[in-house]
Amino acid sequence: MSDNGTQIRRWNEDSGQRWVDLEGHLDRQLAPLGEAALTALAPVAGERVLDVGCGTGATSLRLAERVGPSGLVVGVDVSRPMLTRARERTAELGHVQILEADAQVAPLPAVDAAFSRFGVMFFADPVAAFRNVRAALTPGGRLAFVCWRRLEDNPVMGLAGEIVARALGVSVAAAEPRAPGPFAFADDAWPREFLTRAGWGDVAITPFDTRVPVTDHPATAARFLVQMGPAGTALREAGVDAARTTAIEAEVETALEPHLRDGVPWLPAAVWVVTARAL
Ligand SMILES: C[S@@+](CC[C@H](N)C(=O)[O-])C[C@H]1O[C@@H](n2cnc3c(N)ncnc32)[C@H](O)[C@@H]1O
């Protein structure tokens, strides 16, 4: 079994802190996509739900509203800065637990259902990870998660990346297909295969297309977009200085103009909503 050391380091270094610093923007942007998976899961009062890769806790809060105080939400993550923030946000809720745990290998508490908003694409061994998650559920227990489709179908992830790529003369294409990362499950044949191998049935993988808001203003959006995803990775790897970054941000801001609604950029997002049942 491959281990998750590289991703765990990454989420404890700059990536995790960036997600904490940009929490408000990220939560607003990802909310409609998380809601699609929440609707698919349909948690009810009194249920116990695992939030895999819970990050800074937004979806653990949403799940907690749905299951109510007679239920339980267990958020698990590997990123200490994000876990600290998730604990702060859920501190007053007695029915939320936030645990530091690698969902691929850690023993997980017994639950009725498992959920994730973009927290499951970073496993070195998805078969082992989803087998481990399945072991926390009784037979018939539900799984619902949302993950990205291809980078080229997702201007919200790719628009800034294309501009950075042109400016630096590099490629910001997604990593090797299936490698741990945001686009690991872009080819739906892969989640279908590993879920089946990991002991899940009734696997359904449904495309969901929408537009999501990118912060609250085009200039802020441009700054945000060049820090995140493939654009941010390429800029950091190239060690681009502040003046050049500002010029790239100005180009991104111009590219956002056709996407403004009431002054806020809304960019297309394309995800899979994946559901399954524990066998
Ligand atoms: C893209 S972020 C999504 C965070 C959160 N679900 C949200 O929507 O705001 C991916 C999350 O998965 C977590 N993660 C990565 N590998 C993990 C693992 N092996 N076990 C548990 N969490 C993991 C990361 O630390 C990070 O918080």
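Mentor: We shall discuss the ligand and then some helix packing.
Mentor: Please keep in mind that this is a predicted model.

Trainee: How many residues surround the ligand, and which are the closest?
Mentor: The ligand is surrounded by 18 residues, and the closest are Gly53, Asp77, Asp102, Ala103 and Arg117.

Trainee: How does the shell around the ligand divide into nonpolar, polar and charged residues?
Mentor: The shell has 10 nonpolar residues, five polar ones and three charged ones.

Trainee: Which atoms of Gly53 and Asp102 lie by a nitrogen atom of the ligand?
Mentor: For Gly53 it is a backbone N or O atom, 2.7 Å from a nitrogen atom of the ligand. Asp102 places a polar side-chain atom 2.9 Å from a nitrogen atom of the ligand.

Trainee: And what about the side chain of Asp77?
Mentor: An N or O atom in the side chain of Asp77 is 2.5 Å from an oxygen atom of the ligand.

Trainee: How much of the ligand's area does the protein bury?
Mentor: The ligand taken alone exposes 590 Å², and 98% of that is buried by the protein.

Trainee: Changing topic, how do α7 and α10 pack?
Mentor: Helix α7, residues 155-168, and helix α10, residues 229-238, have axes 7 Å apart at an angle of about 30°. The two helices are therefore roughly parallel to each other.

Trainee: Which residues meet there?
Mentor: From α7, Met157, Ala160, Gly161, Val164 and Leu168 meet Pro230, Ala231, Ala234, Leu235 and Ala238 of α10. This contact has nine nonpolar residues, one polar residue and no charged ones.

Trainee: And α9 against α10: at what angle do the axes cross?
Mentor: At roughly 70°; the axes of α9, residues 218-227, and α10 come within 5 Å. That makes α9 roughly perpendicular to α10.

Trainee: Which residues of α9 meet α10?
Mentor: Leu225, Val226 and Gln227 of α9 meet Gly229, Ala231, Gly232, Leu235 and Arg236 of α10. By class, the contact has four nonpolar, three polar and one charged.

Terms used. Residues numbered from 1 in each chain as written. Predicted model: local features only at pLDDT ≥ 70, side-chain atom pairs only at ≥ 80, totals over all residues. Heavy atoms only, no water. Axes fitted to C-alpha atoms, helices over the stretch in contact; angles between N-to-C directions. Helix = DSSP H or I, 4+ residues; strand = E, 2+ residues; numbered from the N terminus. Parallel < 35°, antiparallel > 145°, perpendicular 65-115°, else oblique. Contact = heavy atoms within 4.5 Å. Nonpolar A, V, L, I, M, F, W, Y, C, P; charged D, E, K, R; others polar. Near = heavy atom within 4 Å. Polar contact = N/O pair within 3.5 Å; in protein donor to acceptor, adjacent residues only side chain to side chain. Areas by Shrake-Rupley, 256 points an atom, 1.4 Å probe, with all protein chains shown as cover.
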